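Work through the exercises below with the sequence and the coordinates open. Each task is followed by a solution in steps.

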Amino acid sequence: MNRVLSILIRVLIRGYQRFLNPVLHALGGPLSGCRYQPTCSHYFLQAVEIHGPWKGSWLGLSRIFRCHPWGGHGYDPVPPRRGSAREDPETPCRHP
């Protein structure tokens, strides 16, 4: 079930990227893109890939709701899975 849901989410986001996003950019002009890096749709795809369809969708939707004129901007990566080896090298070690 989770695999099917992940594939469905991926197809919907790829459809948005391929068909709807160019139309929105044409209507909104060159400054109508996402305020974050990676873009919201790429963030959503990465979140589903890393965290699965449920938590990944929650993270993706949370990011989309943060992307507004009064919201933040800049580099905002998908958080790593809890306990994964992909931890930030800049973070000091908390283990004794």
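**Exercise 1. The salt-bridge network**

Are D76 and R63 buried or exposed?

*Solution.* 

Step 1. Residues are numbered from 1 along each chain as its sequence is written, and side-chain values use heavy atoms, with hydrogens and water left out.

Step 2. Apply the burial classes. Buried means under 20% relative accessible area, exposed over 50%, and partly exposed in between (1.4 Å probe, protein chains only). Both D76 and R63 are buried.

Step 3. Count the bridges. A salt bridge is a side-chain nitrogen of Lys or Arg within 4 Å of a carboxyl oxygen of Asp or Glu. The structure holds two of them.

Step 4. Take the pair D76 and R63. Their closest N and O atoms are 2.9 Å apart. D76 lies in the segment after β2 (74–75) and R63 in helix α3 (residues 53–66), so this bridge ties together parts 13 residues apart in sequence.

Step 5. Take the pair D76 and R66. Here the closest N and O atoms are 2.6 Å apart. R66 is in helix α3 and D76 in the segment after β2, so the parts tied together are ten residues apart in sequence.

Step 6. Check the accessibilities. D76 is buried because its relative accessible area is 17%. R66, at 32%, is partly exposed.

Step 7. Salt bridges with shared partners join R63, R66 and D76 into one network.

**Exercise 2. The fold**

Which pattern does the chain follow along the sequence?

*Solution.* 

Step 1. Assign the elements. Helices (H or I, at least four residues) and strands (E, at least two) are DSSP runs, numbered from the N terminus. The chain has three helices and two strands.

Step 2. Read them in order. The pattern is α-β-α-α-β.

Step 3. Look at the contacts. A contact means heavy atoms within 4.5 Å. Of the contacts with a separation of 6 or more, 68% are between residues 24 or more positions apart.

**Exercise 3. The nonpolar cores**

Which residues make up the largest nonpolar core?

*Solution.* 

Step 1. Define the set. A nonpolar core consists of buried Ala, Val, Leu, Ile, Met, Phe, Trp, Tyr and Cys residues joined through side-chain atoms within 4.5 Å.

Step 2. List the members. The largest core has six residues: L5, I9, I13, F44, L45 and V48. Elements α1 and α2 each give two or more residues to this core.

Step 3. Inspect I9. Leaving aside neighbours within four places in sequence, I9 contacts F44, V48, P53 and S57.

Step 4. Turn to S57, in helix α3. S57 counts as buried because its relative accessibility is 15%. With residues up to four places away set aside, S57 touches I9, F44, V48 and G52.

**Exercise 4. Confidence**

*Solution.* 

Step 1. Start with the chain. pLDDT is the predictor's confidence in each residue, from 0 to 100. The chain averages 86, and 86% of the residues score at least 70.

Step 2. Check residues 91–96. Their pLDDT is below 50, and beyond near neighbours in sequence this stretch has zero contacts in the model. Where pLDDT is low, the predicted coordinates should not be read in detail.

Terms used: This is a predicted model: local features need pLDDT of at least 70, side-chain atom pairs count only at pLDDT 80 or more; totals for chains, interfaces and linings use all residues.
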